[in-house]
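Here are my notes on this one, point by point. Have the viewer open and follow along.

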Amino acid sequence: MPEGPSLVILKELAKPYEGRTIAAAHGNSAAVPYDELPGQPILSVRTWGKHFLIELPLFSLRVHCLMFGSYRIDERKEDSPPRLSLAFEEGGELNFYTCSIRRSTAT
């Protein structure tokens, strides 16, 4: 299970995606409004405990890797459907597998 230090590494690897605009999004998580993601820039990536946060203008996506969750940056896992896949107008992609993804709104 990814722990705090692993998520800090993910945050550092994903930092170059801050400011990039989502061109396409798909996955198999019912909690993600995939149709609302294209056109939104990533404002920041953060960690909070065992959560990886992708902050967008309208809401944030909270990723929890559970016991067997994983991610791939600029590559895909063969024979494994992503829970969340984000492709960017400026190039590159973020893919998350076997994890819990929630939409969080600011209050």
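1. A salt bridge here is a side-chain nitrogen of Lys or Arg within 4 Å of a carboxyl oxygen of Asp or Glu. Keep in mind that this is a predicted model. By that rule the side chains of Glu36 and Arg103 pair up, at 3.4 Å from N to O. This pair ties together distant parts of the chain, with Glu36 in the loop between β1 and β2 and Arg103 in strand β8, 67 residues apart. Glu36 counts as partly exposed at 33% relative accessibility, and Arg103 is partly exposed too, with 38%.

2. How many salt bridges does the rule give? The count comes to 4. Another one joins the side chains of Glu93 and Arg76, at 2.8 Å from N to O. Again the pair links distant parts of the chain: Glu93 sits in strand β7 and Arg76 in the loop between β5 and β6, 17 residues apart. Are the two ends buried or exposed? Glu93 is buried because its relative accessible area, 15%, falls under the 20% cut-off.

3. Glu18 forms a salt bridge with Lys15, and the closest N and O atoms are 3.2 Å apart. Glu18 is partly exposed at 25% relative accessible area, and Lys15 is partly exposed at 41%. Glu18 also turns up among the residues that Ser44 touches, which brings me to the next point.

4. Ser44 is worth a look. Ser44 belongs to strand β2 (residues 44–48) and is buried, with a relative accessible area of 9%. Leaving out residues up to four places away in sequence, Ser44 touches Glu18, Leu53, Ile54 and Glu55.

5. Now the inside. Nonpolar side chains tend to be buried together in soluble globular proteins. In this model the largest nonpolar core has 24 residues, and those touching the most other members are Leu37, Phe52, Ile54, Leu84 and Phe96. Two or more core residues come from each of α1 (4–14), β1 (22–26), β3 (51–55), β4 (60–64), β6 (84–88) and β7 (93–97).

6. Met67 lies in the loop between β4 and β5 (70–73) and is partly exposed, with a relative accessible area of 48%.

7. Last, the backbone. Most residues other than glycine have a negative phi. Asp74 has phi near 60°, a positive value in a residue other than glycine. Asp74 lies in the loop between β5 and β6 and is partly exposed at 47% relative accessible area. Thr98 also has a positive phi, near 45°. Thr98 is placed in the loop between β7 and β8 (100–104) and is partly exposed, with 42%.

Technical notes
Residues are numbered from 1 along each chain as its sequence is written. This is a predicted model: local features need pLDDT of at least 70, side-chain atom pairs count only at pLDDT 80 or more; totals for chains, interfaces and linings use all residues. Side-chain values use heavy atoms; hydrogens and water are left out. Helices (H or I, at least four residues) and strands (E, at least two) are DSSP runs, numbered from the N terminus. Buried means under 20% relative accessible area, exposed over 50%, partly exposed in between (1.4 Å probe, protein chains only). Contact means heavy atoms within 4.5 Å. A nonpolar core is a set of buried Ala, Val, Leu, Ile, Met, Phe, Trp, Tyr and Cys residues joined through side-chain atoms within 4.5 Å.
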